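I opened the model to look up a helix and a strand. My notes are below the view.

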Amino acid sequence: MTVSASGPVLVPILGDQLSPDISSLADRKPDDTIILLMEVAEETTYVRHHKAKIALMLSAMRHFAEELRVAGWTVDYVKLDDPANTGSFTGEVTRAVDRHGARGVQVTEPGEWRVRQAIEHWRRDLPVRVRILPDTRFICPLPDFYEWAAGRKELRMEWFYREMRRKTGLLMEGDKPVGGRWNFDAENRDGPKSGLQPPALPAFKPDAVTRDVLKLVSTRFAKHFGSLEKFGWPVTRGQAKTARDDFLKHRLPLFGKYQDAMVAEQDFLFHAVLSPAINIGLLDPLDLCRRAETEWREGRAPLEAVEGFIRQIIGWREYIRGMYWLEMPDLADANGLDATRPLPDFYWTGETDMRCLADCVRTTRDNAYAHHIQRLMVLGNFALLAGLKPQDVADWYLVVYADAFEWVELPNVAGMVLHADKGRLASKPYAASGAYIDRMSDYCGKCAFNVKKKTGEGACPFNALYWHFLDRNEKKLSDYHRLAQPYATWRRMAEDKRAAYLESAEAFLATLTPAQTGWARA
């Protein structure tokens with residue numbers, strides 16, 4: 001291997017680090033730096049990602065390479081179909097060190113545990129110094145999160161969120177929250193009203209770069225889940241800013257009011273749909289929050305909408321990232337409720353008579369997107385109630401969504417969705433019967449199942465599954481303060497009624513067909 005003491009520093013930039021102010025470039029100069037961008041098979045197939053997710057990543061990387069070149073940087077770009085491509089980050093960094101006679105490697109810490117382990121091995125295996133820098137795009141450095149978590153019996157997001165408000169000054173008047181409250185969630189729980197028509201998302205027509213990527217993905221990943229027909233994700237910084245501005249102007253004012261609502265075939269409602277752009281580095285999350293705050297301060301959006309949006313970013317997003325690194329690697333194997341049922345095939349096919357689940361799988365397949373209540377209270381709620389194996393469910397979420405990286409996906413699935421972490425993240429399981437879905441959506445009116453019917457033929461499966469879940473987990477969950485009322489109701493229930501719920505649930509569960517192997521992992 002060729003190494004030169006006078007050679008350049010090699011700066012590998014990963015596919016979710018597409019920010020010109022990434023920490024690995026902060027102290028570098030173009031005349032002494034080679035930036036390496038790598039499309040590697042290992043990253044496209046360690047799980048069989050949604051076609052649109054792969055296309056988004058590859059197109060955004062290729063556009064970012066050109067952005068860097070225009071800014072004066074030298075970029076070494078390795079395409080997926082390069083015959084010499086080794087297919088892994090380690091292989092490509094090794095080749096690039098030799099190719100450029102690099103004297104050192106400087107990289108921003110990756111977002112995922114498995115990639116961090118690989119990069120740590122570079123220090124052992126490469127013949128040059130490897131410098132790993134913190135990812136400064138996050139508001140809360142990991143050491144600060146660990147310090148916040150140390151010694152706490154409960155690691156609740158709400159308390160962390162308040163610290164982030166104080167740190168950033170967002171929606172603050174001195175040391176007090178504007179409006180006299182930290183949280184306006186109670187105002188943000190409206191179900192859909194009849195005839196609700198949200199504004200359309202801005203459309204980004206694929207350019208030549210994106211068309212080449214779409215052709216590559218449709219051929220090479222033809223058997224992966226998902227469709228490319230509606231591909232329209234922003235793949236450049238300019239497009240991402242256009243999408244940002246469109247949200248702030250047209251959808252933020254009603255975002256809070258309808259953030260929990262679900263409408264069949266209305267895939268985006270008033271949601272920002274900016275999480276993929278944030279997670280891969282096309283948008284700065286703190287800048288986005290400050291712009292949202294400006295919308296409130298200038299009277300263009302209500303406080304409850306802006307607070308709810310900001311909480312998702314500086315609260316949930318930062319908190320989830322901290323919890324991921326705090327709990328790994330054990331979190332990947334967490335199964336606190338001993339759930340073992342395999343993932344049903346309808347999670348991939350969408351072929352189910354439950355209208356809510358069919359619609360959520362459809363938008364997931366078509367768009368590589370579903371909003372947070374569809375993910376948590378329909379797809380996730382069913383997985384929780386049915387006792388699906390956490391690792392199967394986590395793989396599914398990681399595969400199907402464009403914004404899914406393990407640091408954000410796994411804590412949400414293991415903690416919020418499945419309570420597999422034994423309550424480290426959430427104070428109770430997010431379990432609900434069909435009544436919640438009926439209240440927050442228009443799914444139930446045209447469903448083959450009757451949401452008002454509790455048991456027996458034609459009853460909404462969520463109703464019996466809810467009580468079945470509580471019954472089989474009573475030893476683990478009955479001491480939870482927030483479950484005291486439902487368990488009291490269950491215990492007061494007549495024995496024949498309880499038996500009917502359990503019988504109906506068992507009968508329904510027996511109809512589930514396990515998914516074929518190979519959808520998520522080869």
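Entry: I am working with a predicted model. I started with H2, residues 51–70. At 1.5 Å a residue, its 20 residues should span 28 Å. I get 29 Å between the end C-alpha atoms, which agrees. Next I looked at burial, taking under 20% relative accessible area as buried. In H2, 16 of the 20 residues are buried, so I note the helix as mostly covered. Just after H2, I found Gly-72 with a positive phi of about 105°.

Entry: I moved to E4, residues 104–108. How many of the residues of E4 are buried? I count 5 of the 5, so the strand is largely enclosed by the rest of the structure. In a regular strand, side chains alternate between the two faces of the sheet.

**Entry: the pairing.** Which strands are joined to E4 by bridges? One is E1, residues 9–13, which runs parallel to E4 and is joined to it by 2 bridges. There I noted Leu-10, whose bridge partner in E4 is Val-105. Another is E5, residues 129–133, also parallel to E4, with 5 bridges. Here Val-107 stands opposite Ile-132.

Definitions and conventions:
Residues numbered from 1 in each chain as written. Predicted model: local features only at pLDDT ≥ 70, side-chain atom pairs only at ≥ 80, totals over all residues. Heavy atoms only, no water. Helix = DSSP H or I, 4+ residues; strand = E, 2+ residues; numbered from the N terminus. Expected span 1.5 Å × (residues − 1). Buried < 20%, exposed > 50% of the residue type's maximum accessible area, 1.4 Å probe, protein only. Pairing = 2+ DSSP bridges.
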